[in-house]
Amino acid sequence: MPTRVRDLMSSPPVTCDADASLAAAAQQMNEAAIGSVIVTDRTKVAGILTERDLLRAGAAGAQPAVEPVHLWMTANPDALGPDEDASAAWASLSHHHYRHLPVVEDGAVVGVVSMRDLFGVALLRPAAESAAEVPRGLEGVVVAETAIGDVRGLEGFYHYRQYSAVELAATRTLEDVWYLLFNGSLPDRPQAAEFIEMLTSRRSIPEGLTSLLPALSARGRPLDVLRSAVSVLGAELGWEPTHDIDQATLRDQALGLCAAVPTILAAAHRLRVGLEPVSPRPDLTHAANYLWMLLGTEPAPEQARAIEQYLMLTIDHGFNSSTFTARVITSTGADLAAAVCGAIGALSGPLHGGAPSRALDMLDAIGTPERAEPWLREAVARGDRIMGFGHRVYKTEDPRSRFLAGVAESLGGSMVCFATEVERSAVAVLGDLKAGRRLYTNVEFYAGVVMETCGIPREMFTPTFAAGRTIGWATHILEQAADNRLIRPTARYVGPPPPEAVPSL
Ligand code: ACO
């Protein structure tokens, strides 16, 4: 039998008249050792007076012997029925931060439910609603529903819509996956051709942005330039808050943004190293065109495909920090540029997207296979993080890492053999010094190897990650905007107890 309000309420309730004095009501509370009285008009509930109200009255200098209760009570409070489920009492008390609620039957007050009553009933409070039990970093906490994809960390599996992401990367094109994310299904050939035409026509960036890029690139790293450039792009194209536009308009903006990001990034890099930007080519795939604009030469097909597969593998990955950031910003009704700028900021951190170049810097620092084990052992003993290892969700091998290791092997080159040896040592060292933490390579480790082998400069590793992930962010922004509710959680206050009098100077 579920617990009912009737089973846990205090009854009969302590009541007083609305014209009774505060002092009389306080005495009633004191005598009954309770924190509230129900204020009645005959048998009907007119209000509730709580200890908190008495404190307010005291702080305001009220005269308890003469001031009537009705001046300080909460009038017409929410009430519960005696046959409601006890969880309704919990929901109402916790949601409104009430401590007491009257229980009313047939119009007459029959009892009071307090927080204390609820705490007296074991296991009433659902674990998911307890702020105290929310893990640090929100690990494992479900914060939304999504039809875009998911990550199953224990199985080492993730998917876009209903398809394995790794299988998509092995068998389809980036444009197909992009279509899948934006439209919910894979395209047939005519649909794919039409989609590609739409994308290629949007690769150029507006003159207002082009003219600003030299100044931005002279000062910032390419990811910083992208963050600023997305803001400018939104302003140039007149993007309105998502709150004020329909899905079709937002989708159109999102397509344009995702198509333009590689152009911005490639130009930012080239300007930074003193080269002229290269215009986009409509005859190349999204990935090949990116390499063309970045390096100024048409990439070999296997290199274009390797980068395409990397981008496909990293388009989306559950509620990672940058995606969550994009959704939080969208939930406020802000515009597309604002959401993507925030996501870029989140991605830039080394605990998220800023790791692949650091992983390669580590390979350089290690230098030779024999040095790997002592180098790694020393680093972990010092408390350093081994870049490209460990993951919040995967407690087994990251499937992206295995796939990219294969891509790196097929590209060849000396770096992949060395990386494999370092991986072996790192897994052993971490298994030894961080026993039980289940730390394996994440996507970043072999991503760096693949990108370096394809000629992408290290500085462009995280920006390249951003180029693909923008498509994932945009998909989440569309989903959030389509069925929006402001994301606004609560924190547990753990500072000195308030209110403390503000000291005078
Ligand atoms: N090297 C050494 N120790 C590690 C590593 C690592 N790479 N990763 C986790 N640990 C250890 C921590 O020191 C901690 O040990 P402790 O229990 O003795 O304190 C334990 O494992 C758990 O670590 P957390 O920080 O709680 O794990 P979290 O889930 O927050 O970490 C993260 C995930 C941030 C990716 C972490 O593994 C890390 O810092 N990795 C290195 C950076 C990196 O590769 N980032 C790219 C991530 S992939 C992506 O975002 C696309």
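This is a guided tour of the structure above, stop by stop, for use with your viewer.

Before you start, note that this is a predicted model: local features need pLDDT of at least 70, side-chain atom pairs count only at pLDDT 80 or more, and totals for chains, interfaces and linings use all residues. Residues are numbered from 1 along each chain as its sequence is written.

**The ligand**

Select the ligand and the residues around it. The shell holds 22 residues, and the closest are Leu-351, Ala-355, Phe-389, Gly-390 and Arg-392; a residue belongs if its C-beta atom, placed from the backbone, lies within 6 Å. Colour them by class and you will find ten nonpolar, seven polar and five charged residues. Here Ala, Val, Leu, Ile, Met, Phe, Trp, Tyr, Cys and Pro count as nonpolar, Asp, Glu, Lys and Arg as charged, and the others, Gly among them, as polar.

**Thr-368 and helix α18**

Next, pick Thr-368, in the loop between α17 (356-366) and α18 (369-382). Helices (H or I, at least four residues) and strands (E, at least two) are DSSP runs, numbered from the N terminus. Is Thr-368 buried or exposed? Thr-368 is exposed, because 9 other C-beta atoms lie within 10 Å. The terms work like this: buried takes 20 or more other C-beta atoms within 10 Å of a residue's own, exposed 12 or fewer, and partly exposed is in between, with C-beta atoms placed from the backbone.

Now follow α18 itself. Its 14 residues should span 20 Å at 1.5 Å a residue, and the end C-alpha atoms are 21 Å apart, which agrees; the expected span is 1.5 Å times one less than the number of residues. Highlight Ala-372, Trp-375 and Leu-376, the buried residues of α18. Their cover includes α17 and α20 (414-433). Just after the helix, check Gly-383, with a positive phi of about 95 degrees.

Then centre on Leu-291: leaving aside neighbours within four places in sequence, it is in contact with Pro-299, Gln-303, Ala-304, Ile-307 and Cys-454, where contact takes C-beta atoms, placed from the backbone, within 7 Å.

Select strand β6 (residues 108-114). Five of its seven residues are buried, so the strand is largely enclosed by the rest of the structure. Strand β5 (residues 100-105) runs antiparallel to β6, joined by six bridges; strands pair if DSSP finds at least two bridges between them. Look for Pro-102 opposite Val-112 in β6. The two strands form a hairpin with two residues between them, and Asp-106 in the turn has a positive phi of about 50 degrees.

Move to the open sheet of three strands, ordered β7-β8-β9 with antiparallel pairing. β7 (149-152) and β9 (163-164) stand at the edges, each with a single partner strand, so one side of each is left without a neighbour in the sheet.

Finish at the four-strand open sheet, in the order β1-β2-β3-β4 with mixed pairing. Its edge strands are β1 (15-17) and β4 (74-75). β1 runs parallel to strand β2 (residues 36-41) through three bridges, and Thr-15 stands opposite Ile-38 in β2.

Methods
Contact = placed C-beta atoms within 7 Å.
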